[in-house]
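Reader: Please take me through the side-chain contacts and strand pairing here.

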Amino acid sequence: MTTDIPTDVFEEHRPVLMGVAYRMLGRVADAEDVVQEAWLRWSGADHRAVREPRAYLVRVTTRLAIDRLRQIKARGETYVGPWLPEPYVTDFGDAVEDTAERAVLADSVSLAVLVVLESLSPLERAVFVLREAFGYPYADIAAMLDRGEPAVRQLAGRARRHVDEGRPRYEVDPAQRRDLTERFLAAAAEGDLEGLMALLAPDVRLVGDSGGKAKAPLRILETADNVGRFLIAVAGKGIPELTFRFLELNGGPAVLILSGDKPDSVFQVDVSAGRIRSVYIVRNPDKLRSLASA
């Protein structure tokens with residue numbers, strides 16, 4: 001490759017690198033830091049010796065993300081209340097035309113999957129992300145991680161079993177999720193408990209993430225009655241200068257609630273058999289900053 005276009009090459013692959021780093025870390029700021037460090041490594045590399053820039057950049061980004069994840073785990077930080085990943089804008093647009101590929105990418109960045117990935121080791125998480133989300137062959141992943149292919153296959157199998165056991169199965173029809181999200185929002189805003197209950201599965205779960213920095217349940221709420229009554233009570237208190245808009249976050253439709261121009265919270269639901277099975281609410285202000293201009 002020529003040496004006069006390193007910036008263009010890096011920018012071409014930036015979306016993929018950000019996708020890898022975010023799936024590895026579940027935090028937008030950390031992922032951006034990792035991608036920036038990858039740029040510094042790339043800018044100082046001998047580009048004439050790099051035959052496959054994408055593979056080189058993904059390898060560097062993955063290794064940096066593993067190091068960052070190990071640092072985070074080593075700190076042993078205690079999080080107040082349930083933890084959810086930082087909401088991440090994922091408007092694939094025309095970048096992904098294939099419906100099956102789009103579904104895989106959306107699923108691999110969903111809140112439900114990322115919560116399960118938090119319990120994997122850094123190496124297991126890296127192998128899962130590279131294999132399941134981006135379809136890299138085992139041999140390529142082994143080269144990226146400096147591991148033997150049999151070891152990588154073992155890590156992949158263990159990670160896949162853990163994810164399959166830990167995550168619930170939901171439908172991924174975007175139109176149905178959008179419809180139920182709109183009806184859910186309308187019922188809650190109108191204080192229509194009966195209408196809201198009709199949308200919720202009997203065993204629905206509500207996961208609220210505040211990090212102790214905003215009002216949200218400090219435990220997971222379960223059953224339609226508990227979730228419905230909580231949402232009606234919250235809606236009844238009102239939010240000053242309330243506005244909202246729909247975004248595609250973590251591979252699916254979501255609602256960004258604003259108080260004036262400031263992000264207040266993000267709502268997203270998962271759906272199965274025509275009912276809402278999970279409600280996710282992110283209110284930790286640290287996790288909403290990146291959405292201020294979304």
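**Contacts and strands**

Author: Arg160 has a relative accessible area of 22%, so this residue is partly exposed (buried means under 20% relative accessible area, exposed over 50% and partly exposed in between, with a 1.4 Å probe and protein chains only). The model is predicted, so local features need pLDDT of at least 70 and side-chain atom pairs count only at pLDDT 80 or more, while totals for chains, interfaces and linings use all residues. Residues are numbered from 1 along each chain as its sequence is written, and side-chain values use heavy atoms, leaving out hydrogens and water.

Reader: Which side chain meets Arg160 in a salt bridge?

Author: That of Glu132, at 2.8 Å from N to O; a salt bridge is a side-chain nitrogen of Lys or Arg within 4 Å of a carboxyl oxygen of Asp or Glu. The pair links distant parts of the chain, with Arg160 in helix α8 (residues 149-166) and Glu132 in helix α6 (residues 122-133), 28 residues apart. Helices (H or I, at least four residues) and strands (E, at least two) are DSSP runs, numbered from the N terminus. Glu132 has a relative accessible area of 30%, so Glu132 is partly exposed.

Reader: How many salt bridges does the count come to?

Author: The count comes to 23. Among them is the one between Arg68 and Asp33, whose closest N and O atoms are 3.7 Å apart. Arg68 belongs to helix α3 and Asp33 to helix α2 (residues 28-43), so this pair ties together parts that are 35 residues apart in sequence.

Reader: Turning to the rings, how many aromatic pairs does a search of the whole structure find?

Author: Five. Rings of Phe, Tyr and Trp (its six-membered ring) pair if their centres lie within 6.5 Å; planes under 30 degrees apart count as stacked, over 60 as edge-to-face and the rest as tilted. Tyr22 and Tyr88 are stacked, at 4.2 Å centre to centre with 25° between the planes. Tyr22 lies in helix α1 (residues 6-25) and Tyr88 in the loop between α3 (53-75) and α4 (99-108), so the pair ties together parts that are 66 residues apart in sequence.

Reader: Are Tyr22 and Tyr88 buried or exposed?

Author: Tyr22 and Tyr88 are both buried. As for Phe244 and Phe246, their ring centres are 6.3 Å apart and their planes lie at 80°, so that pair is edge-to-face.

Reader: What lies over the face of Phe246?

Author: Arg178, at 3.7 Å from the ring centre. A charge sits over a ring if NZ of Lys or CZ of Arg is within 6 Å of the ring centre and within 35 degrees of the ring normal.

Reader: Now the strands: in which sense do β3 and β4 pair?

Author: Strand β3 (residues 242-249) pairs with β4 in the antiparallel sense over eight bridges; two strands pair if DSSP finds at least two bridges between them. The bridge partner of Phe244 in β4 is Ile257. These two strands form a hairpin with two residues between them, and Asn250 in the turn has a positive phi of about 50°.

Reader: Why is β4 largely enclosed?

Author: Strand β4 (residues 252-259) has seven of its eight residues buried, so the rest of the structure largely encloses this strand. Five bridges also join β4 to the antiparallel strand β5 (residues 262-272).
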